[in-house]
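Dear colleague,

I am handing over the structure below, and my notes on it follow. Please read them alongside the coordinates.

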There are 2 protein chains.
Amino acid sequence: MSLDREHVLRAAAALLTRKATASMDEIAKAAGVSRATLHRHFSGRDTLVRALEDHGIAEFERALDEARTEEGDADEAVRRLIARSEPVAGFLAFLFTENQLYEAGINEGWNRLDVRVQGLFRRGQEEGVFRLDLSPAWLTEALYGLIGAGAWAVQDGRVAAKDHTRMVSELLLGGARRRMER
Amino acid sequence: MSLDREHVLRAAAALLTRKATASMDEIAKAAGVSRATLHRHFSGRDTLVRALEDHGIAEFERALDEARTEEGDADEAVRRLIARSEPVAGFLAFLFTENQLYEAGINEGWNRLDVRVQGLFRRGQEEGVFRLDLSPAWLTEALYGLIGAGAWAVQDGRVAAKDHTRMVSELLLGGARRRMER
DNA sequence: CCCGAATGAGACATCACTGTCTCATTCGGG
DNA sequence: CCCGAATGAGACAGTGATGTCTCATTCGGG
C-alpha cells in the first residue's frame, strides 16, 4: 500500500527537482498514475509538496540514525552517513533545492537534522580529524550540495550509480580531512 | 541602460533559485519594478527565464576566459576560475537547479562550457595534479554543486561572503588534489 | 525650463491549472 | 467466480496568473 505512495513520491521528487513548475498532470504522468488517483492520495499540490518534505526529512533522519554518527571515527561516520543517504539522495536533492522550506514551518524538522550533521563535523574537528578552517556549517552545506549533485549526475547518466557513495565521500572527506603529518 | 537589466536579472535569479514558482508579480516586486516594466523588458516568463540562462552562461564563459584555465598549474587555474565565478555564483546556482535546460535547446551553450571545465580537470589529471579515481565529469558536477551551495549559504547568512571562494576552493581542491608523497 | 521617454498603477479578457465530480473499467481478495 | 475497492478517463466550474492595454506621473537630457 504505502509502496505505491513511496513510488509516487520518488517520481514526484525526481521531476520537481528538475522542473519545479511541473503541473499536477505532468507529475501524475511521471508517476505513472492518473491525475485523479494522484489527487486521491495527495489532496492538492501543497499536500504533495509537504508530504515530499516530510518523507525526505524522515528518511534522512533514519539514515542519520542508522549511520550511528556518534560512534567511531568522524570520517568513517561521515562515510556511513553518505552511504545510508544514497537511496534517498533524490529526496535530499529536492529538499536542498526546495529552499522555500525556509519560510514555511518545516524549519523545526529540518533544523533538527542540520544540528546533528553539524555536530558530527564539529566532533570531527575536536577530535583532530577534520581541518579547522572550514566551518561545520559550510561542511554541512557542502555535504548536501555534493549528495544532490551526485544524485543528479547519476540520474542523468554522467556517473555510475554504484560510484555515487565513493565519489561523494572521497571528495568531501578528501577536502575536509586534516592532512596527516607524516 | 543594461545596468537595469543586469539588476533585474540578478534579483530574478535570486528569487527563482529560492522559489521557482514565484509569479511575475513577485519577481517584479523583488526587482523593485512594476509588473508592467518587467514585461516591457522581458515579454513573458519564458523570455525572462531564457534571458537568465543566456546571461548566466555568458557570464560564466567570461569567468572561464578571464581565469585563463589553460595556463599554469591546474589547481591554481581552478582556484582562479572559482574566484572569477564568485560574482556570478547566483546565476550559476540558478542554472544548476534549472535542470530544465536539459530539455530545451540551450544545451549547446552549456555543453560548450561543460567541455571546457572538464578539460581543465582532465589536464590536471594528466599533469599529475589531480587524483585519477574521480572522473572529470564528477569533478565538474561537484564544482557546480559547491559553487551553488556556497552562493546559497552566503545569501542565507550561514557563510561570510568573503569566505566563499576560499571555502569552495579548499574543499574542492583538497578533495581533488593528489596527495603529495613526502 | 521643456518635452519625449520611461515608469507605476490599475483595468481587462484570456488562459492554463486546479480541485471536484461522474462513470465505466480493472483489479484483487474471499 | 463474485463483489467491493481502486483506478483511468474525461467533464466541469472556479481561480489565479498572464499578457495587453490605457492613462497619469516621473525622470532626465537638451
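Which of the 14 residues around DNA strand D come nearest? They are A:S34, A:T37, B:S23, B:M24 and B:G44, where a residue is near a molecule or strand if its C-beta atom, placed from the backbone, lies within 6 Å of it.

Please keep in mind that this is a predicted model, in which local features need pLDDT of at least 70 and side-chain atom pairs count only at pLDDT 80 or more, while totals for chains, interfaces and linings use all residues. Residues are numbered from 1 along each chain as its sequence is written, and chains are lettered from A and ligands numbered from 1 in the order in which they are written.

At least two residues of the surface near DNA strand D are supplied by each of α3 (35–41) of chain A and α2 (24–31) and α3 (35–41) of chain B, and α3(A) gives the most, with three residues. Helices here are DSSP runs (H or I, at least four residues), numbered from the N terminus.

Turning to the protein interface, 28 residues of chain B are in contact with 28 residues of chain A, contact meaning that the C-beta atoms of two residues, placed from the backbone, lie within 7 Å. On the side of chain B that touches chain A, α8 (136–155) and α9 (164–176) of chain B each supply at least two residues, and the largest share, eleven residues, comes from α8(B).

In chain A, A:Q155 lies in helix α8 (residues 136–155), and the C-alpha atoms of A:Q155 and A:G119, 36 residues apart along the chain, are separated by 30 Å.

With kind regards
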